Amino acid sequence: MPSEFDLIQRYFTKPTHHTALSVGDDAALVTVSDGMQLVVSTDMSVAGTHFFHDAVPYDIGWKALAVNVSDMAAMGAQTKWATLAIALPEIDENWLAEFSRGFFACAEQFNIDLIGGDTTKGALNISVTIMGEVPIGKALKRSSAQLGDDIWVSGTLGSAALGLAHLQGKIKLENDVAGLDHSSTGLQASIHALCRPIPRAALGLALRAIATSCIDISDGLLADLGHILKASNLGASIDLEKIPCIEMLKSNLDNAEFQTYILAGGDDYELCFTAPQSKREAINNLSKQLNISITRIASTRMDIGLQAMFNNKNLTLLKQGFDHFG
């Protein structure tokens, strides 16, 4: 049976691009570029909480890293390095081969070096620490939104929650006719959004010169936009009909469960950001340049707190966003 070190060498040792010393020594050596600050974030993925025990290992590997890249995008950071700590209930080399293939597919797409980590025996648990660089003073923070700023979101919201509901047997989606196109209304598009999110790395970098604040939508729009508003001591009112979503969600806006998928479902990994009204043309141009839909959904106001509206009435959702201890 292979040892821990055999597994690391076989599945998690790859050439690096930004690193003086990486996997194979007691610690990694990295050099931060002149005029840059180091940006660091950690996310944990736990079987049964973040993914099903029988989920496709390639998808688990991809998403474990992608959600961390999304955190870097929200800070306007250029991702460069990651560490991976993984607990495995047993050695399954087929599982490891596919997990590492998904992990490194994401790493290669976003030009990230895996520089270290740890493996141990235990309940399946994956922890990624990600690091990047941002010019000094240019990081996008939650606390810098200004009164009267526009509020924007990238992509569409609610698809991942819709896919999860299907897998949990709460609803039944039909196979997509349009494949993975964002106009698709059925199964493939929603499952793809849940299992292989695409972090908005290029958008995050471009927003350094445009946005006043930013966050990635991991726990749901209400929860995450709420963090910006609380940190910035501001409020907002959002209209459900302005939130971008796929047609199946759009055609069921009067359904309370579908409202929750859009506003509080989580796992979207889109960016929500604020920007001055003077930046509208620049943002619309950026949308075309990156081929990403970016939608203006509201503006900040002086009244503290976040209000959701539909048909000119306040929405009261039982769930405001994902909470591990809620």
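A nonpolar core is taken here as a set of buried Ala, Val, Leu, Ile, Met, Phe, Trp, Tyr and Cys residues joined through side-chain atoms within 4.5 Å. In this predicted model, the largest such core comprises 34 residues, and the members with the most contacts inside it are Leu 221, Leu 225, Ile 238, Leu 249, Leu 263, Cys 272 and Ile 297. At least two core residues each are supplied by β7 (150-154), α4 (159-167), β8 (213-217), α7 (221-232), β9 (235-239), α9 (256-264), β11 (294-301) and β12 (305-310). The largest share, five residues, comes from α7. Apart from residues up to four places away in sequence, Leu 221 touches Val 153, Leu 157, Gly 226, Ile 238, Ile 243, Ile 262, Leu 263, Cys 272 and Ile 297. A second, separate core has 31 residues, among them Leu 88, Trp 95, Phe 103 and Phe 104.

The protein chain contains ten helices and 13 strands. Seven of the strands form an open sheet of mixed pairing, in the order β8-β10-β7-β11-β9-β12-β13. Because β8 and β13 (313-314) stand at the edges with a single partner strand each, one side of each has no neighbour in the sheet. β12 and β13 run antiparallel and are joined by two bridges; Phe 310 stands opposite Lys 313 in β13. Helix α7 lies across β7, β8, β9, β10 (270-275), β11 and β12, and runs at about 160 degrees to β8.

Of the 326 residues in the protein chain, 49% are buried. Among contacts with a separation of 6 or more, 85% involve residues 24 or more positions apart. The accessible surface of the chain is about 15700 Å², with 49% belonging to carbon and sulfur atoms.

Terms used
Residues are numbered from 1 along each chain as its sequence is written. This is a predicted model: local features need pLDDT of at least 70, side-chain atom pairs count only at pLDDT 80 or more; totals for chains, interfaces and linings use all residues. Side-chain values use heavy atoms; hydrogens and water are left out. Buried means under 20% relative accessible area, exposed over 50%, partly exposed in between (1.4 Å probe, protein chains only). Helices (H or I, at least four residues) and strands (E, at least two) are DSSP runs, numbered from the N terminus. Contact means heavy atoms within 4.5 Å. Accessible areas come from the Shrake-Rupley method with a 1.4 Å probe; for residues, only the protein chains shown count as cover. Two strands pair if DSSP finds at least two bridges between them. Axes are lines fitted to C-alpha atoms, for helices over the stretch in contact, and angles run from 0 to 180 degrees between N-to-C directions.
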